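Please work through each task before reading its solution.

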Amino acid sequence: MNSSTHSKIVSFIWGIADDVLRDLYVRGKYRDVILPFTVLRRLDSVLEPTKKAVLTMKSALDTSGIDNQDAALRQAAEQDFYNTSPFTLRDLRAARSQAQLRADFEAYLDGFSPNVQEILDNFEFRNQIPRLTKADGLGALIEKFLDPSLDVSPRTAANPGGLDNHGMGSVFEELVRRFNEENNEEAGEHWTPRDAVRLMTRLMFEPIADQIPSGTYLLYDGAMGTGGMLTVAEETLEGLTAKRGTQVSTHLYGQEINAETYAIAKADLILKGKGKAADDVVGGPEWSTLSNDAYPSMEFDFMLSNPPYGKSWKTDLDRMGGKTGIRDPRFIVTHDGDPEYSLLTRSSDGQLLFLANLVSKMKHKTPLGSRIAEVHNGSSLFTGDAGQGESNIRRWIIENDWLEAIVALPLNMFYNTGIATYVWVLTNRKPENRKGKVQLIDASGWSTPLRKNLGKKNCELSTADIDRVLASFLSFDGADDEEHSKVFDNADFGYSKVVVERPLRLAGVDASRVYTAADIRKLKESAEPDETAPPVVKKLHRAGTPADPLLGRFAALVDGQTRVVEYEPDTDLRDTEQIPLTEPAGEWRDGIEAFVRREVLPYAPDAWVDETKTKIGYEISFTKHFYKPTPLRTLDEIRADIRALEAETDTLLSEIVG
């Protein structure tokens, strides 16, 4: 299908909305009618040649008392869908009254196969029928969609001018895009800009394009929206492998919680002739990816997603048993010797859990393993303290050496937000030169302005911009563009969060006495803090225990003997330090001790580290690694500005006085 034909069909259907629905719906609700009607018109055209065969088969199956009829009816229709009603859209024109038209139209809808019924139900299309019938809009819509100028019949040998499945899918996607732009406040929730998707798919496939053998590959999106990521990924994979003479077969799997968005995705697949893929995607309010995984035992070759940012997942958390009751192996894993290592994030934002979901579905027994591309906002890089879910997910991914690269996208890339966004690229089959490394690419300045803003989207990634990102990714070492591409060791993003304690000192304390917990409570209630007082001793170690002041085991005189004791910590003086995992050990036993001796003990000689509270955290700071300070202005420039302001002020004053 050429672009002019495509534009003509889209414009014609777009015009139907204005012609028929203007006085019935606000513009934001046109999609509730036009999208399902477009689906019906195409399906009606595709099924027309085999309509008689389907009715004959239906009659034979009913006569034989066969209940499971789906497979036989699909075979009779020669499609992955069918309609067993006696009507086509053209037949409905003959209705003599609005009441008759409504009854016949509902019978027509009821005749569709279960997979089409699911689309209609999720569109909630039947809810529109009373309004359309009452205003005499249903008949007008049918007439408009049957207009000879709107030819959406399938391309066949007898009809070479018809639309092939891909062309029809493109028409449908364009309508969805236009409706999303009309509703900018919702667009970014379910529709990822195609330029961002193209970048993600190329980052996922091109680094290994020469290694992909002929075979079958499974693609998955855990937050599929309207399904565009899956279909673009499939097209990209098939295009890359075709150039190399490789034959691949793809199977698409996805999950989407929003009913209408899921209906669009499923309809798009059916219109593109991918009925089997449409059967493999699931959606609707009951199908939340976090609390109701549709594919718990499956693994996938390629996965990509754009999960919701800053969206509460408390409802999912409650369904799964609360933070203490969750046993989902996607989110409670074994890591660093901990069999119950928790990846559970704050309930206010679950976006990193979608990444954990993808990682849980990686293939570990195939030569290529799995590759992942997922979009996140900036909070996924650094939110969450050491030991909390967000940090634990970053640690789990980086310490397993799955994180290959993160690409910073331009601002204002998405329809409903101007915030910074990033593409995370993961694989469990890193090439040798990337092992133990993570590449950061700052592509925030690589974009092409749009002639007209689409909501908050004011720029896009052109083909040249995407090529530039790919070039930086593939060069890896960053030697060609150190300003925008930098490579780090995995450990560069990790740190130890240590708790530094200082002893409690209270007036009147006996330095040679060991105080019980009850004694210490009474002391805190009655005694005043005194920096010159001796520390409160809370524990006496067995004889022979070595002293280690750094870890809170101090040598002190107790009953005239030198013993090893522990002091009660003063919570008001408690502090924490973030010590990089790359801190050099120096002449002492490890980096933590070296840091404390250098940065803490010179200022607080009685301080110690509570080793039981030390936690490992990970965070990734693009700002720190790519920050470009603005040069200070010279004195001459400042003087010139001041003089210009003085001159302007004098002029204004003269005008007022004069």
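**Exercise 1.** State in which helix L635 lies, and decide whether L635 is buried or exposed.

*Solution.* In this predicted model, L635 belongs to helix α23, which covers residues 635–657. The relative accessibility of L635 is 57%. Exposed residues are those over 50%, so L635 counts as exposed. L635 also takes part in a nonpolar surface patch with I638 and I642. Together these residues have about 260 Å² of accessible area.

**Exercise 2.** Classify the geometry of the aromatic pair Y220 and Y295, and determine which parts of the chain the pair ties together.

*Solution.* The ring centres of Y220 and Y295 are 5.7 Å apart, with 80° between the planes. Planes over 60 degrees apart count as edge-to-face, and the pair is classed accordingly as edge-to-face. Y220 lies in strand β1 (residues 215–221), and Y295 in the loop between β3 (282–283) and β4 (302–305), so the contact joins parts 75 residues apart in sequence. Y220 is buried at 0% relative accessibility, and Y295 is buried at 6%.

**Exercise 3.** Carry out the analysis for the rings of Y422 and F622.

*Solution.* The centres are 5.0 Å apart and the planes stand at 50°, so this pair is tilted. Y422 is in strand β9 (residues 421–427) and F622 in helix α22 (residues 622–626), and the pair links parts of the chain 200 residues apart. Y422 has a relative accessible area of 11% and is buried; F622, with 7%, is buried.

**Exercise 4.** What separates D280 and K276 along helix α14?

*Solution.* The side chains of D280 and K276 form a salt bridge of 3.1 Å, N to O. The two residues are four residues apart in helix α14 (residues 275–280), which means a separation of about one helical turn. D280 is buried, with a relative accessible area of 13%, and K276 is partly exposed at 48%.

Methods: Residues are numbered from 1 along each chain as its sequence is written. This is a predicted model: local features need pLDDT of at least 70, side-chain atom pairs count only at pLDDT 80 or more; totals for chains, interfaces and linings use all residues. Side-chain values use heavy atoms; hydrogens and water are left out. Rings of Phe, Tyr and Trp (its six-membered ring) pair if their centres lie within 6.5 Å; planes under 30 degrees apart count as stacked, over 60 as edge-to-face and the rest as tilted. Buried means under 20% relative accessible area, exposed over 50%, partly exposed in between (1.4 Å probe, protein chains only). Patches are made of residues with over 30% relative accessible area and no salt bridge: like charges are joined within 9 Å, nonpolar side chains (Val, Leu, Ile, Met, Phe, Trp, Tyr) within 5 Å. Accessible areas come from the Shrake-Rupley method with a 1.4 Å probe; for residues, only the protein chains shown count as cover. A salt bridge is a side-chain nitrogen of Lys or Arg within 4 Å of a carboxyl oxygen of Asp or Glu.
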